[in-house]
Amino acid sequence: MQPYKDQTLRIHNSLTGKKDVFEPINEGHVGMYVCGPTVYSNVHLGNCRTFMSFDMIFRYFKHLGYKVRYVRNITDAGHLENDADEGEDKIAKKAKLEQIEPMEVVQRYTVDFHNTLQQFNLLPPSIEPTATGHIIEQIEIIKEILEKGLAYEANGSVYFDVIKFNEDHDYGKLSGRKLEDMIANTRELTAQDEKRNPQDFALWKKAEPQHIMRWPSPWGDGFPGWHLECTAMSTKYLGETFDIHGGGMDLKFPHHECEIAQAEASTGKSPVNYWMHANMLTLNGKKMSKSTDNNIYPSEIFSGDNNILSKPYSPSVVRFFMMQAHYTSILDLSDDALQASEKGYSRLMDALDSIDKLKTGEKSDFDVAAWKQKCYDAMNDDFNTPILIAQLFDAVKHINLIKEDKESISAEDREFLESSLKAFVYDVLGIENQAMSKDDSGTLNGVMDLLIDIRNEARAKKDFATSDKIRDQLVELGIQIKDGKDGTTFSVN
């Protein structure tokens, strides 16, 4: 029996604007596509939050027993500046600045992207296709749209005809925009414009002589429009209609709106059943921006080499911090927030490390089965990680009461609690215990055993000044020692 058969999962669907019960197209299988990065610079922390959110979603589906095909693309061509149909290709521009080949830019920043996500403990997707690896598929889709009369060629470029498409379809249904309003709020086309309407978007762009990245096509040398790659790759690997499409909130319009239009125009089918959008990350209450210097990269958080935070924070603490907000909510990063998360993370890891040492009794004062279902209820409510974390700390409270002999737990329930807690923390939330490496742990245990022996000897001799000094200085270092009837133990805060 797979766990998903016992759980009813609801997902906030951007297309319907409400939480819909998740019903996969094929029972026991999930097809999920998430828009990946354009690899022309180091990965932004806000992008990391989006990919981390969908990693958590990927993990939860796997935890429920689904077979998941998770496709996350790499944009290595076709993404022009300002997400528009004019201007330079972002990767080609970077290549010119650094006087290297565009594919050197792609390689450098793809490696950085993978290394950063690996530090945050993200699982790799099932397939990670590239835009340049699917030029043929993109050209074939353009041919289909042209044949149906929903696109037109102009001077070697091909544009999608939004007004013609909207005669029988609803362009704007994902973002809630009306085409009439969009038309009313746009400028008139100039004589130099190739588009018939300002709302039309490029499926293929003619490459000017200076354009580095170019491919042959029926319309001449050029490159694909930015929106087209996702339609080509998602349909190739997941089918003409698949379960979930995700990305950042900023992609809802125009990128995802254009994806829907392209897919419906080429296949005649609605491409996605559940559209999901993750919200943005702010820094100290303001939008992250390089131009205002209100910006920080993941590596700068891990190293402490920045002028924004007071100390370094581990990738697990940052991931734990991000999981404390719902993926659809704006989350503000600050030093105070990270310090609070670090303390909570330490409490959680300390509880996990001590479960197997809990004394057991004949009965349990903690209803572990009911608690576990509350954890599932949180995740089933549109992947509500803040509520899940609140439930995890409810378990931590009971673990501490059991340690203090104020509650009891049976051997069977202790084992059940340990496996359940580890599943939600490690497998679903993807949080690692990075408090210390195994080598550091062994060294620390040895040093602490020595200090505890010295302190116990001082207490036996009634040398309370020495014993208190050891305790107080350890507290300053973030190490709490606890005296109990079974001896002295310690925990790292």
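Visitor: How many aromatic pairs does a search of the whole structure find?

Guide: The search finds 20 aromatic pairs. Keep in mind that this is a predicted model.

Visitor: Why is the pair of tyrosine 152 and tyrosine 159 called tilted?

Guide: Start with the distance. Their ring centres are 6.0 Å apart, and the limit for a pair is 6.5 Å. Now the angle. The planes stand at 35°. Stacked needs under 30 degrees, and edge-to-face needs over 60.

Visitor: What makes tyrosine 171 and phenylalanine 253 edge-to-face?

Guide: Their planes are 65° apart. The cut-off is over 60, so the name edge-to-face applies. Centre to centre, the rings of tyrosine 171 and phenylalanine 253 are 6.4 Å apart.

Visitor: Which domains does the chain have?

Guide: The assignment gives domain 1 (3-278), domain 2 (282-427) and domain 3 (440-492).

Visitor: How do you know that domain 2 and domain 3 touch?

Guide: Five residues from domain 2 and five residues from domain 3 make the contact. Contact requires heavy atoms within 4.5 Å. About 290 Å² is buried between domain 2 and domain 3. Asp350, Lys359 and Asp405 supply 75% of the area on the domain 2 side.

Visitor: What classes of residue does domain 2 bring to that side?

Guide: Four charged, one polar and no nonpolar residues.

Key: Residues are numbered from 1 along each chain as its sequence is written. This is a predicted model: local features need pLDDT of at least 70, side-chain atom pairs count only at pLDDT 80 or more; totals for chains, interfaces and linings use all residues. Side-chain values use heavy atoms; hydrogens and water are left out. Domain bounds come from an automatic or database domain assignment. Buried area is the accessible area (1.4 Å probe) that two parts lose on being put together, summed over both. Ala, Val, Leu, Ile, Met, Phe, Trp, Tyr, Cys and Pro count as nonpolar, Asp, Glu, Lys and Arg as charged, and the others, Gly among them, as polar.
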